[in-house]
Every structure is written in C-alpha cells, then in structure tokens.
Amino acid sequence: DQLAPLSLRLLADGEALLARGDRQGAQDRFESALAADPRNRRAFLGMARVAEAEGLPGRAVRFGKASVLRVPPAD
C-alpha cells in the first residue's frame, strides 16, 4: 500500500519549512499530511521534531511513539 501522493507532498513541504525554522508552518503541513493519509509515519516523526524544537519533550515522545504504533497520540 502506497501512501497518498498528497500526504507525501505535504510531508516534503513540512520538512523544508522545519529546516528553515518555520515550526508553525511545518506543524501545519505535517498535520495536513496526516489528514491526507494517517499511515504516514514520517509525518508523525515530523510532529515529534517540531515538539522537540519547541521544548515539549513529552509531546515529542508521544508523537514518536505514534510513528511506531500508527496511532494518533492522546493529548
């Protein structure tokens, strides 16, 4: 099963934004990538990286676990 192409494009956009330091833009793209295809594990990892960059280690861990389990984290 391939991931939805839209989800992959949004993921790439999010990674580029995060690399430029635009955490909010990156988070928006990662969330959209997950909405387009909830199986996109790399989008969960992107959300974890955003949380880590924002100094939210607990949230980062939850998203990291979600990437392995493919289950959205409970907030």
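Guide: The chain exposes about 4,500 Å², of which carbon and sulfur atoms supply 54%, the areas coming from the Shrake-Rupley method with a 1.4 Å probe, where for residues only the protein chains shown count as cover. The model is predicted, so local features need pLDDT of at least 70 and side-chain atom pairs count only at pLDDT 80 or more, while totals for chains, interfaces and linings use all residues. Residues are numbered from 1 along each chain as its sequence is written, and side-chain values use heavy atoms, with hydrogens and water left out.

The chain has 4 helices and 0 strands, these being DSSP runs numbered from the N terminus (helices H or I, at least four residues; strands E, at least two). Of its 75 residues, 35% count as buried, meaning under 20% relative accessible area, whereas exposed means over 50% and partly exposed lies in between (1.4 Å probe, protein chains only).

The part to look at closely is α4, which takes in residues 57-69 and, with 13 residues, reaches 18 Å from its first C-alpha to its last, close to the 18 Å expected (1.5 Å times one less than its number of residues). Within α4, the residues A60, F63, A66 and S67 are buried. They lie on the same side of α4 because they cover an arc of only 120° around the axis, an arc taken from the directions from the helix axis to the C-beta atoms. The buried residues of α4 pack against α3, residues 41-53, whereas P57, K65, V68 and L69, on the other side of α4, are exposed.

Technical notes. Contact means heavy atoms within 4.5 Å.
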